[in-house]
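Q: I'm new to this one. Can you walk me through it, bit by bit?

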Amino acid sequence: MKSPASQAAGLRRRAQARLKARPVARSPQSAAKAARLQHELEVRQIELELQQEDLLAAFTESETVRELYTGLFDYLPVGCFNLAPNGTITLVNLTGARLVGVPRARLLGSRFQFLVAETDRGAVADFLDSVLAGGSPRSVELTLARVAQPPLAVHLEGTHLAERTGCRVVMLDISARRAADEKLRVSDAALKAVSQGVLITGPDQLILSANAAFQTITGYDESAILGRNCRFLQGPLTDRTTVSAMRAALRQPVEFTGEILNYRQDGTPFWNQVTISPVLDGHGRLTHFVGITRDVSAQKHAQEALRASREQLRNFARRLQVIREAERTNVAREIHEALAQELTRLKMDLAWLNRRLIQTVTEPTRQAIRRKLDSMIELSNATFESVLKLATSLRPVVLDSLGLGPAIEWLVEDFQTRTGIAGQARVAKHLPVLDPASATALFRIVQESLTNVIRHAAARHVTVTLAVREAQLSLTVQDDGRGITPEQLADPMSIGLLGLKEHAAVLGGMAHIGPAPDGGTMVRVTTPLPAKPSKT
């Protein structure tokens, strides 16, 4: 194609040749007319020259625009394809050729359908038919089958070219998005499998995601969580100091770890051990928060119970010390008031006998000595009874000599004699042989229970039952008194009750103390039966 300048020069030569061929008249009128015509022609020539310059400038500009358009078209970040109605590629940019992995020269004239994976060819055919028909859908996602390169996930947008047949297809690489979606899917699956509650919020602390464990812990389903601020878990007993510390950490933002009392959907409180970590992008900007939640209510209650138990043990130890000192005082008083006085009387009687025996023994003296000896024998018997009573109070001999069953029967009978409260002992005939420590612990449980009846129950009747049930030894002490209240059961200063439980724990068993079915109070202790000795 000739340039505008060469075309104009050729036109000038043709015009000059034609002018020379024309005849010229030489009359005065024609000379004046020729002058005017020459002037007009010169003006016209200048106009044409100006038009030619404008045309040259427009042509140059159009070439520049065309080159710019071609560059922009080739290096668009998306692939562009013009397709004939049968799917033949008539135009493609460099980005499109790069995406499909085929040189542009080889793409022109080839069928677009053969660029995609075989499994997606039906989908691309439906897509092109829809675009050419001007219908819907006009977008599709599929995979390119590239030679010597991995497959590529792409998104296609189609536009029907109304002014001429065919369509234009825009291709976008979505492999990174597909990978991110897959990574997110795997992350979501991992979060759902985590046993701890995981919560993700935006910088505004509005919830974006919550895993299944968090929903289980709080009782809220996902629809009731998303878009809300985490403060909806707070309640009337939530510690405001902890909340303030948490908010201050989030404003900085820095990691926060603490325990806070939160509330489930049904209103029940739970102790939430929470760790909130800020997540920053490569430029240090906050993108979101990740919160890890653990329900530590059981551990918290166990700690409280342990503290209460330790306090009870301290009270029990103090009470034991008081009881021990009181028992020592009682023993000393018994020894001083009973044994010491009786022994002093024996000593005085022996001194009296000694004085009488060194004198002449007359019949009246002999009678006096006999009466004194009788008195001394009675005093000796009383002293023996006092010693026996004192020893029995320290440890019943019957427990060591006859065993637990007879010892309990003796204890109930002695209780009835001393207090006037009717007592009944129901002891199984064939009890297992217990080691001394176990027998002593069960004996002390009965002893302590009967002491509590005297102090608190105002009962008229007490029944003590020792039986073997379901491979366990069962001991029950039940009275018909005023009963025991929940406040008394929960009182950490109830040293007697704590002592019963401690004795049961020594046996490896459990003690239950509470109201009896028919009124009054019942103490029930169950302990495993002792292992039978192996035969050799």
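Q: Which strands form the open sheet, and in what order?
A: Five strands form it, in the order E7-E6-E10-E9-E8, with antiparallel pairing. This is a predicted model: local features need pLDDT of at least 70, side-chain atom pairs count only at pLDDT 80 or more, and totals for chains, interfaces and linings use all residues. Residues are numbered from 1 along each chain as its sequence is written, and side-chain values use heavy atoms, with hydrogens and water left out.

Q: What counts as a strand, and as pairing?
A: Strands (E, at least two residues) and helices (H or I, at least four) are DSSP runs, numbered from the N terminus. Two strands pair if DSSP finds at least two bridges between them.

Q: Which strands sit at the edges of that sheet?
A: Strand E7 (207-210) and strand E8 (256-263). Each pairs on one side only.

Q: How are neighbouring strands turned against each other?
A: By 30° on average, direction ignored. Axes are lines fitted to C-alpha atoms, for helices over the stretch in contact, and angles run from 0 to 180 degrees between N-to-C directions.

Q: What joins E8 to E9?
A: Eight bridges, and the two run antiparallel. Tyr 263 has Pro 269 in E9 as its bridge partner.

Q: And at the E7 end, how many bridges link E6 and E7?
A: Three, again in the antiparallel sense. Leu 199 is bridged to Ala 210 in E7. The hairpin has five residues between the strands, and Gln 205 there takes a positive phi near 65°.

Q: Which helix lies across E8, E9 and E10?
A: Helix H8 (residues 240-251). H8 runs at about 135° to E8.

Q: New topic. Which residues have the most contacts inside the largest nonpolar core?
A: Ile 408, Val 462, Val 464 and Leu 475, in a core of 33 residues. A nonpolar core is a set of buried Ala, Val, Leu, Ile, Met, Phe, Trp, Tyr and Cys residues joined through side-chain atoms within 4.5 Å. Buried means under 20% relative accessible area, exposed over 50%, partly exposed in between (1.4 Å probe, protein chains only).

Q: Which element gives the most to this core?
A: H13, with nine residues. Another core lies apart from this one, with 25 residues, among them Leu 83 and Met 171.

Q: What does Val 462 touch?
A: Beyond its neighbours within four places in sequence, its contacts include Phe 415, Gly 423, Leu 450 and Val 477. Contact means heavy atoms within 4.5 Å.

Q: Where does Gly 423 stand?
A: Opposite Val 462 in E12. Strand E11 (residues 422-427) and E12 pair in the parallel sense over six bridges. The chain crosses from E11 through H13 to E12, and this β-α-β crossover is left-handed.

Q: How do E12 and E13 pair?
A: In the antiparallel sense, over eight bridges. Arg 469 is bridged to Gln 472 in E13. Two residues lie between the strands of this hairpin, where Glu 470 takes a positive phi near 50°.

Q: Is Cys 80 buried or exposed?
A: Buried, with a relative accessible area of 7%. Cys 230 is partly exposed, at 29%.

Q: Last one: why does Thr 88 count as buried?
A: Because its relative accessibility is 16%. Thr 88 is in the loop between strand E1 (79-83) and strand E2 (89-92).

Key: Right-handed = clockwise from strand over helix to strand, strands pointing away.
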